[in-house]
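Work through the exercises below with the model open beside you. Try each task before you read its solution.

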Amino acid sequence: MAIYRRLFEAYGPQHWWPAEDPFEVMVGAVLTQNTAWSNVERAIARLKADGPLTLSSLLRLSPVELAQRIRPAGYFNVKSKRLLSLCRFLADQPRLEALPTRELRERLLAVHGIGPETADDILLYAFERPVFVIDAYTRRLFSRLGLLDKELAYETLRRAFERALGPQSGLFNEYHALIVHHGKDVCRPRPLCEVCRLADQCRFRAARR
DNA sequence: TACCAGGAGAAAA
DNA sequence: TTTTCTCATGGT
């Protein structure tokens, strides 16, 4: 919680995810896989150029048509198939919001192209479930601070964060958003922000002892 | 020019 | 079962 308070005091509330509705959150979660958000924004803008971004509007597109629209996000052929798999899943399974979180997570993970991080993005930011998202920014920040081994398995880290913070989806939402803001907009791999620079120096000194 | 960016699935070992 | 490879655009 000390890290959270420090981030919140530094950057303020983030009000995430940057999307107009839950469906756009899900689309963004797939498009941002291993991709800079600026490229995702271009792809979403192209999807919206045809009209409102909805489940039915995407289901009307062929894989090739969708791939051309999301081209700026990279891996467009792969992501086109993944997005259409997600859309078919959403169309085939009504009342997903009524499912308990664990079952909803398992069903999302069974969809082609939805791995642990993407599933948890969707659970937290589209379904407002208390699930902590472990992404590259989370691993980088907390390993720099010497608080975790960034090679640990996804599930191990997720459970550790959830145990430490308790079942508060609002806090998980804000915490992860702050971690991303810190990693993306403040502290890039180089140059490091002041906090991470000091953490790196401490680790370097410790390693020399 | 080379590297990096909010992963996931398939193939190879 | 674990590790490695592949997918691709845009910014720095």
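**Exercise 1. Classify the residues of the surface near DNA strand C, then find the nearest ones and the helices involved.**

Step 1. The classes come out as five nonpolar, six polar and two charged residues. Ala, Val, Leu, Ile, Met, Phe, Trp, Tyr, Cys and Pro count as nonpolar, Asp, Glu, Lys and Arg as charged, and the others, Gly among them, as polar.

Step 2. There are 13 residues around DNA strand C, and Pro-72, Gly-74, Tyr-75, Asn-77 and Val-78 come nearest. Near means that the C-beta atom, placed from the backbone, lies within 6 Å of the molecule or strand.

Step 3. Helix 3 (37-48) and helix 6 (76-92) each supply at least two residues of this surface. Helices are DSSP runs (H or I, at least four residues), numbered from the N terminus.

Before you go on, note the conventions. This is a predicted model, where local features need pLDDT of at least 70, side-chain atom pairs count only at pLDDT 80 or more, and totals for chains, interfaces and linings use all residues. Residues are numbered from 1 along each chain as its sequence is written, while chains are lettered from A and ligands numbered from 1 in the order in which they are written.

**Exercise 2. Describe the surface near DNA strand B in the same terms.**

Step 1. Around DNA strand B there are 25 residues. Gln-33, Asn-34, Gly-115, Glu-117 and Thr-118 come nearest.

Step 2. Sort by class: eleven are nonpolar, ten polar and four charged.

Step 3. Helix 8, helix 9 (136-144) and helix 11 (169-186) each supply at least two residues. Helix 8 gives the most, with four residues.

**Exercise 3. Which domains does chain A have, and how do they touch?**

Step 1. The assignment gives domain 1 (22-125) and domain 2 (134-208). Such bounds come from an automatic or database domain assignment.

Step 2. The C-alpha centres of the two domains lie 26 Å apart.

Step 3. Five residues from domain 1 and eight residues from domain 2 make the contact. Two residues are in contact if their C-beta atoms, placed from the backbone, lie within 7 Å.

Step 4. On the domain 1 side, helix 8 (residues 116-125) gives the most, with four residues. That side has four nonpolar, no polar and one charged residue.

**Exercise 4. Work out how helix 1 packs on helix 11.**

Step 1. Helix 1 (residues 2-11) meets helix 11 at an angle of about 65°, with the axes 10 Å apart. Axes are lines fitted to C-alpha atoms, for helices over the stretch in contact, and angles run from 0 to 180 degrees between N-to-C directions.

Step 2. List the partners. Helix 1 brings Tyr-4, Leu-7, Phe-8 and Tyr-11; helix 11 brings Tyr-175, Leu-178, Ile-179, His-181 and His-182.

Step 3. By class, this contact has seven nonpolar, two polar and no charged residues.

**Exercise 5. Find the backbone exceptions in the loop between helix 1 and helix 2.**

Step 1. Most residues other than glycine have a negative phi, and most peptide bonds are trans.

Step 2. His-15 lies in this loop. His-15 is not a glycine, yet has a positive phi of about 50°.

Step 3. Trp-17 lies in the loop between helix 1 and helix 2 (22-31) too. The peptide bond from Trp-16 to Trp-17 is cis, with omega near -5°.
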